[in-house]
Amino acid sequence: MSGEIQSHRDLKVWQIALDLTETFYRLSADWPKHEQFGLVSQIRRAAVSVAANIAEGAGRRSTGEFIQFVGISRGSLAEVETLLIVARRLDYVEETVCRTLLQELYELGRMLTGLIQSLEQRKAQR
């Protein structure tokens, strides 16, 4: 059947989360070296966590578990947002770049919420 989800790699939300992870890795590469084990490490781990939890949830046996892991992804997304704001306040990120990334994070958050709602509907129909 065309359009059917075979794995997490087929999910647009996972693909966008992966793209944002790459963006944050590249963005943080130029931050001060003294932040390597602080802010750089934290924002990278949080960004990776968004995509990783979507993948892990999709690989679980139940819809309830998938919902739980997408919820964790939303939490990690909020962490990325917070760390980006901290980086902006420290002048590690330009204002325009920060605004653009915050908008992208917001859109990804909306997609995660939509995925949760879709999964909850699917769960209720069973």
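Biologist: Is Ser28 buried or exposed?

Modeller: Ser28 counts as buried because its relative accessibility is 1%; buried means under 20% relative accessible area, exposed over 50%, and partly exposed in between, with a 1.4 Å probe and protein chains only. Please note that this is a predicted model, in which local features need pLDDT of at least 70, side-chain atom pairs count only at pLDDT 80 or more, and totals for chains, interfaces and linings use all residues. Residues are numbered from 1 along each chain as its sequence is written, and side-chain values use heavy atoms, with hydrogens and water left out.

Biologist: Where does Ser28 sit?

Modeller: Ser28 belongs to helix H1, which covers residues 12–28; helices are DSSP runs (H or I) of at least four residues, strands (E) of at least two, numbered from the N terminus.

Biologist: And what does its side chain reach?

Modeller: The Ser28 side chain comes to 2.8 Å from the backbone oxygen of Phe24.

Biologist: Which residues does Ser28 touch, leaving aside those up to four places away in sequence?

Modeller: Those are Val40, Ile43 and Arg44, where contact means heavy atoms within 4.5 Å.

Biologist: Turning to the whole chain, how many helices and strands are there?

Modeller: The protein chain has 4 helices and 0 strands, in the order α-α-α-α along the sequence.

Biologist: What share of the residues is buried?

Modeller: The figure is 37% of the 126 residues.

Biologist: What are the rough dimensions of the C-alpha box?

Modeller: Along the principal axes, the box is roughly 50 × 25 × 25 Å.

Key: A polar contact is a pair of N or O atoms within 3.5 Å; within protein, one must be able to donate a hydrogen and the other to accept it, and residues adjacent in sequence count only if both atoms are side-chain atoms.
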